[in-house]
Amino acid sequence: MCGIVGYVGPRPVLDVLVPGLTHLEYRGYDSAGVALNVGDRIEVIKTAGRMSDLEDLIGYFEGDVISGVGHTRWATHGAPNSVNAHPHTDASGDAVVVHNGIVENWSELKQKLIESGHEFRSQTDTEVVAHMIGDLADLPLVEAVRQVMNEAEGALALAVMRRSEPELIVGARRGSPLVVGRGDGENFLASDIPAFLEHTREMVVIDDNRVIEVRPTSIRLMDLEGNEIEPEHRKVEWDFEAAEKGGYDTFMLKEIYEQPKAIADTLAGRVSQSGRVVLNELEMDDRLLRAIDKVFVIACGTSYHAAMMAKYAIERWTRLPVEIDIASEFRYRDPVLDSRSLVIAISQSGETIDTLEAARYAKAQGANLIGVSNVVDSALAREADAVLYTRAGPEIGVAATKTFTTQLVAMQLLGLYLAQVRGTLDPGAIEVMVRDLTLLPGQVEEVLEISDEIRRLTGQWSDVNDYFFLGRSGDFPVAMEGALKLKEIAYVRAEGYAAGEMKHGPIALIEKGVVVVGVATDSHVKTKTLSNMQEMKARDGTIVLIAENGDDVGDVADHVIKVPEGRDLLCTVTAVVPLQLLAYHVATAKGLDVDKPRNLAKTVTVE
Ligand code: F6R
C-alpha cells in the first residue's frame with residue numbers, strides 16, 4: 001500500500017511530486033523519497049518518517065530537474081529506515097525504481113543477481129527490480145521494464161526512470177494500482193488520483209499486465225508481449241476527499257472492499273505451488289517449534305477475536321493446548337510460562353500498550369514470542385523473537401476490517417505452518433487447506449456483492465437497539481466481531497455470545513424487536529446453532545442467519561445471508577464480511593461518522 005508519483009513536464013518537478021506524495025500519505029507513511037533526473041545524474045533524496053521529514057531534506061536541493069518519481073512507503077520487506085525507503089537505484093545509479101506491491105520471487109531473483117556480482121544495500125524486494133533494470137541497460141527502458149514484469153512474480157506497480165532518457169518515465173502495473181494523469185504538454189503517473197487532481201482531471205486507466213511509456217506530450221501503452229494497446233481515457237468527476245477514499249463514501253467502506261486484495265497480499269509468497277506453507281521469514285528454528293508444549297495467544301479488541309479463531313485452528317491442526325487471553329488481563333493472572341511456551345501476540349498497530357506489556361512479560365518469563373502485526377518494525381515487531389506481518393496496508397477507519405480478515409488468514413497460515421513443522425497434519429491435508437486459502441480473495445469478492453441486500457435489510461431496523469450475535473466453535477469469534485463492530489460504530493447494544501450459552505441466562509433478554517444474528521458455517525456445530533436459533537425465534541426475536549451456499553437452513557430465519565461454501569475456520573474470513581457491512585449500514589443510516597466513532601482511538605497506548 002505505498003504511494004507512487006511521477007511527473008514529466010515543464011512545471012518545477014518538486015512542486016508536483018511533494019504535494020502529490022502528501023496527498024498519497026494515507027496509503028503509507030513510514031518513509032518517503034524522490035528521485036530527480038537532472039540530465040547528467042539522478043539525484044535520490046529519501047528518509048524514514050513522514051513527508052514533512054522529506055520536505056526538510058528537499059529544502060537543501062538546488063538544480064534544474066527534468067523529471068522525477070516519488071514514493072511514500074508502507075513497509076512490507078525490511079524495516080522503515082532511510083536505506084529501505086524508495087527510490088532504489090541499480091549499481092551505477094543510472095536507473096531508479098519506485099514500487100508498490102510485493103515481488104513474490106524476490107529472494108530467488110536476488111540470489112541470481114548476487115551470483116552475477118550485484119551487491120545489495122537494502123532489505124527490500126524492490127532493489128531486485130532496480131538491479132534487473134540496470135542489467136538491461138542495452139534495451140530501451142520500456143523493453144527492460146517489460147522483461148522485468150515477465151520475470152518478477154506477484155503484485156507490482158512500478159515507476160522507472162533512466163538518467164539517459166530524462167523525458168521518460170516507464171510505468172508498469174500488475175495487481176497494484178497505477179493511473180496516468182494527462183495534462184497539456186505534461187503527464188503524471190500515480191498510484192491514485194489525488195496525487196494529480198489539482199493539475200488535471202483527465203486520466204488514462206492502466207489495466208493489469210500493462211507497461212506504459214509516459215513522456216511530456218505522449219503516452220504509449222502495451223501488454224507484456226509488447227503489443228500496443230489503445231489507452232482508455234476518462235474524466236475524473238470526484239472531488240479531493242472522494243478521490244482519497246477511492247470514490248467510496250468512507251475509509252471504512254473502502255477498506256472493507258480492499259479485503260480481497262489485502263488477503264491476497266497476506267498469502268503472497270507464503271504458500272507454494274505444491275501446497276506447502278512457506279514462512280521462512282519467521283526465522284524460528286524448527287527444533288524450537290517442535291519442542292513447544294503450550295501456546296498462548298494474547299490480543300485486544302478485534303485482534304482478540306482473531307486470537308479466538310487461532311485457538312481453534314492451532315488446537316485442531318497441531319493438537320497443542322492453546323490458551324487465549326485478553327492482553328490487559330494476561331499479566332495479572334500469573335500464567336504458567338517457560339521456555340517451551342510459545343506466546344503469539346496479535347496487534348495490527350503493534351503499539352497497543354496492553355498487548356506490548358503482556359508480550360514483554362511473557363518474554364521475561366522465558367517464553368518464545370511471535371508478533372503478528374500489520375505495521376512493519378512496530379514496537380511489537382521489535383520486541384518479538386519472530387514476526388508475521390499481515391500486510392493489509394494502512395487502515396484509516398478506526399474500526400478494524402481488513403486488518404481483522406488478514407489477521408485471520410495470517411493465523412491460519414501460522415497454524416498450518418506449525419502443523420507442517422510438527423508433522424501433525426499429513427501433507428495432503430495441508431495441501432487441500434492451502435488451496436482453499438487461495439480461494440478466499442475471490443470468495444470475499446463474492447460476499448461484497450451483497451452489500452445492497454444488507455443495506456435494504458438493515459433499513460428496516462432504525463428503531464432497533466438490541467442485537468445479539470451468536471455462533472459456536474469457529475463461528476463464535478465471528479459473532480463476537482460482528483457485535484463489536486456494531487457497538488463501536490453504530491452505538492447500539494450488541495452482545496456477541498456462544499450460541500449454546502444463551503439458554504443459561506441471556507435468553508431472558510430475547511423478545512420481539514431484538515435482532516438475533518446467527519452464524520452457522522462451522523460443520524461441526526451447524527445443526528446445533530440452528531437449534532439454538534430456533535430457541536431465539538420461539539421468543540419472537542428477528543432472526544438473521546449467515547449460512548453457506550447450498551445449506552438447507554429450513555424456516556428458522558427471517559432473513560438468510562449466504563456466503564460461499566468453505567472449509568471450517570477458513571470460512572470465518574468470508575462469514576465476518578456481511579457483519580462488517582451490517583454494522584456499516586446500520587451506522588450510516590443513523591448518519592454516524594463510521595471512520596471516527598466517538599470515544600475511540602485507532603491505537604490505544606494507555607493501560
Ligand atoms: C475494533 C478495533 C480495536 C482494536 C484493538 C487492538 O475495531 O480496532 O478493538 O482491535 O484496540 O488494536 P491492535 O490490533 O492495534 O492492538
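Trainee: What makes up the area buried between domain 2 and domain 3?

Mentor: In this predicted model, about 2,200 Å² is buried between the two domains, and carbon and sulfur atoms give 71% of that area. His-305, Tyr-312 and Arg-316 supply 24% of the area that domain 2 buries against domain 3, more than any other three residues.

Trainee: Why is the pair Asp-522 and Arg-316 called a salt bridge?

Mentor: The closest N and O atoms of Asp-522 and Arg-316 are 3.5 Å apart. The cut-off is 4 Å between a side-chain nitrogen of Lys or Arg and a carboxyl oxygen of Asp or Glu. The pair is therefore a salt bridge, as 3.5 Å is within 4 Å. Between domain 2 and domain 3 the count is two salt bridges, and nine residue pairs are in polar contact.

Trainee: Which helices supply the side of domain 2 that touches domain 3?

Mentor: At least two residues each come from α7 (251–257), α8 (259–267), α10 (301–318), α14 (402–422) and α15 (427–448). Among these, α10 gives the most, with nine residues.

Trainee: Where do the bounds of domain 2 and domain 3 lie?

Mentor: The domain assignment gives 251–438 for domain 2 and 451–589 for domain 3. Their centres, taken over C-alpha atoms, are 26 Å apart.

Conventions: Residues are numbered from 1 along each chain as its sequence is written. This is a predicted model: local features need pLDDT of at least 70, side-chain atom pairs count only at pLDDT 80 or more; totals for chains, interfaces and linings use all residues. Side-chain values use heavy atoms; hydrogens and water are left out. Domain bounds come from an automatic or database domain assignment. Buried area is the accessible area (1.4 Å probe) that two parts lose on being put together, summed over both. A polar contact is a pair of N or O atoms within 3.5 Å; within protein, one must be able to donate a hydrogen and the other to accept it, and residues adjacent in sequence count only if both atoms are side-chain atoms. Helices (H or I, at least four residues) and strands (E, at least two) are DSSP runs, numbered from the N terminus.
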